[in-house]
Amino acid sequence: MRIINEIKKSFLVALWFMFLTFPIMVIKVNPLEKLIVWRWHNLAMVGIASFFISFLLRCAGRWRKSAARRPPALTMKGLSNNPRAYYSALAVIALFSLVFPFIFSAYETSIMTTALMYVILGLGLNIVVGLAGLLDLGYVAFYAVGAYSYALLNYHFGLGFWVSLPIGAMLAAAFGILLGFPVLRLRGDYLAIVTLGFGEIIRLILENWNDFSFGPSGIANIPRPSLFGINLSLAASTIYVYFIALLLVIFTIFVVNRLQDSRIGRAWIALREDEIACQAMGIDKTRIKLAAFAMGATWAGMVGVLFAAKTTFINPASFTFMESAIILSIVVLGGMGSIIGVVIAALLFVLLPEYLRAFADYRMLLFGAVMVLMMIVRPQGIIGKVRRTYVRGQVTGDKRQKNGIITNLL
Amino acid sequence: MTAILKVTGLSMNFGGLRALDDVDLRVEPREIVALIGPNGAGKTTFFNCLTGIYPPVSGTIFMRASSGKQSRLNGLPPNKITAKGMARTFQNIRLFPEMTVLENVMIGCHCRTSAGILGAVFRPRAVRAEEQRIVDSSYKILTRLGLTDVVNDLARNLPYGAQRRLEIARALATEPALLLLDEPAAGMNPRETAELNQLIGKIRDIYEVAILLIEHDMKLVMSLSDRIYVMEYGRRIAVGTPVEVKKNPAVIKAYLGE
Ligand SMILES: Nc1ncnc2c1ncn2[C@@H]1O[C@H](COP(=O)(O)OP(=O)(O)OP(=O)(O)O)[C@@H](O)[C@H]1O
Ligand SMILES: [Mg+2]
């Protein structure tokens, strides 16, 4: 019954679209021969396409409605309440990530490293967008700051990777605060536009300030990370970088998880939920916003350093708006504020395109379609965040807390 | 001077509209004062000026902290004013909908606690103890406001009356000396309103706060208030005890027309 109704509605939509697009899609005037070409097949195509799209959207909308009534299936709460299954899963993941570079080729290890880097980027942006609710479209700028700090520090002063890592992170944090100041008063779309501009400004500076950044030709021969001063072979170095990335991911998860369950993390969420009420509760909006920008940028800066070390060559073309968009999509797809969700989304986003090269031409199309579908079907992301519960009189003895770092983030 | 809040000559404009015109108001410690007036009289605007959301065009706001120190609130940002001991609720409920009830109250503790980013990451004993204090004191407030059963529910899933109480709970968590309530009974049924009536009295006694209350429910206002201020078109038209205000011809005119 319902289905027939939906078909009827979709049919009407299709008719309406055919009518609307009739002048452009069907009539074609040939001024040379003073002829009118009637392209009826276009009409049919528009009709069929709009019918199916409308029908799909309707079904998706219906599904979403019924899904909203059901308790969220994929919150992983079940898993975290079942310690044995949880620890086994964790052990398998840990083992797999440890042996990964030894069972897969250098090429695949390198792709996995990239994926891990996007995990960190996603988690970092998640602080700004997911927790604090500040839509930042220029996140890639901090990534660039990190990469160029390592490249330039190494070029001019010969600083190594491990020294540059914290410096790059701190410089990025400083840039985060620098960007934060002018946009303190902005929200939503306005904030998005200004941060977008900021990202482009950084890229354009890098592209045009030749004396400083060597312009579009970039900086080459950046050394790979060294292991206690030993220079590794290319293959060994790939594995080494993989483990550095893995370590950074664990570090990031640890820190972000603790942050979001803290006084500061709660203040970020409050800021996202209602700015005025947040201030009325005694939260210093300025400080908390700047803290979010700085904390988010820190991770981007760190990954930037790692990126420069991994590729040994950087130029401004690596830091386009597209990167920001991908990182943002990871956050949105994963579920704003959910760590596990962001990790899964980052892995999907980087690994799928690599392994589905056959569809490379349709990459952006699929990308868009997936985003639209997600927004309709599961706007809270792959894994919705479950709010933490607290027990009176025993925060530290709280079961979820005792299970260690990873349980809390589920 | 003993008054906990002393406002003199407060004025506020919205474009050409004079929303507040030279309003004076005092609140003594542990006093319940009502602010009433017809719709659009400027009551909420008055609250917004007190709490730093709007900057008043003129006038002074002084508040006496529990330490006895008097401080001027004009020009301070909202969070500083809350830190000085003024907390408020909103007429159109402004909870943090995606946070749990408990977390909403925990946010209120923000300005009385201090853990920063490093504290969050390293979680030293002091920070853990502070977190515990936040949880415990939030629980306590929620118990007193009868919200124990829903501590772990999302704020947006609460029924309307409970949301209003949660707003009060959240404000209490900031450890105020003066509590501003903007139409706490709006949207409540008579039974809930009667309960609220008792609750507000209880809050005043337990937390030893002064309460400034905007309310349209006259029964509530008359039974609770020590003094009542009446506003119309941004001006204060009367002030006095409930009995005095009820008899005041200007008030009767404002409410009943000519
Ligand atoms: N942000 C604003 N911008 C412009 N005008 C405003 C603004 N806020 C309030 N006003 C106007 O100021 C006047 C007083 O509004 P206010 O909200 O303070 O009234 P109120 O006494 O709280 O009324 P109610 O009982 O309906 O809540 C109204 O005329 C209102 O339209
Ligand atoms: Mg009002």
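1. Start with helix 1 of chain A, residues 2-26. It holds both A:Trp16 and A:Phe19. The two are 3 residues apart, about one turn of the helix. Note that this is a predicted model.

2. How are the rings of A:Trp16 and A:Phe19 arranged? Their centres are 5.8 Å apart and their planes meet at 25 degrees, so the pair is stacked. Planes under 30 degrees apart count as stacked. A:Phe19 has 57% relative accessibility, so this residue counts as exposed. The cut-off for exposed is over 50%.

3. Next, A:Phe96 and A:Phe104. Their ring centres lie 6.4 Å apart, with planes at 75 degrees, so this pair is edge-to-face.

4. Over all chains, a search of the whole structure gives 24 aromatic pairs.

5. Now the cores. The largest nonpolar core has 109 residues. Which members touch the most others? They are A:Tyr143, A:Trp268, A:Trp299 and A:Ile314.

6. Neighbours within four places in sequence are set aside here. Its contacts are then A:Ile120, A:Gly124, A:Ile127, A:Tyr139, A:Phe251, A:Thr252, A:Val255 and A:Val256.

7. Chain B has two arginines to check against rings. The charged end of B:Arg94 is placed over the ring of B:Phe90, 5.7 Å from the ring centre. B:Arg170 has its charged end over the ring of B:Phe96, at 4.8 Å from the centre.

8. On the overall build of chain B: there are 10 helices and 10 strands. The radius of gyration is 19 Å, close to the 18 Å that the globule rule gives for 258 residues, so chain B is as compact as a globular protein of that length. Along the principal axes, its C-alpha atoms fill a box of roughly 65 × 40 × 35 Å.

9. Burial and contacts in chain B. Of its 258 residues, 54% are buried. Among contacts with a separation of 6 or more, 68% join residues 24 or more positions apart. The chain exposes about 10900 Å², and carbon and sulfur atoms supply 52% of that area.

How values were computed: Residues are numbered from 1 along each chain as its sequence is written. Chains are lettered from A and ligands numbered from 1 in the order in which they are written. This is a predicted model: local features need pLDDT of at least 70, side-chain atom pairs count only at pLDDT 80 or more; totals for chains, interfaces and linings use all residues. Side-chain values use heavy atoms; hydrogens and water are left out. A nonpolar core is a set of buried Ala, Val, Leu, Ile, Met, Phe, Trp, Tyr and Cys residues joined through side-chain atoms within 4.5 Å. Buried means under 20% relative accessible area, exposed over 50%, partly exposed in between (1.4 Å probe, protein chains only). Contact means heavy atoms within 4.5 Å. Rings of Phe, Tyr and Trp (its six-membered ring) pair if their centres lie within 6.5 Å; planes under 30 degrees apart count as stacked, over 60 as edge-to-face and the rest as tilted. Helices (H or I, at least four residues) and strands (E, at least two) are DSSP runs, numbered from the N terminus. A charge sits over a ring if NZ of Lys or CZ of Arg is within 6 Å of the ring centre and within 35 degrees of the ring normal. The radius of gyration is taken over C-alpha atoms; the globule rule is 2.2 Å times the number of residues to the power 0.38. Accessible areas come from the Shrake-Rupley method with a 1.4 Å probe; for residues, only the protein chains shown count as cover.
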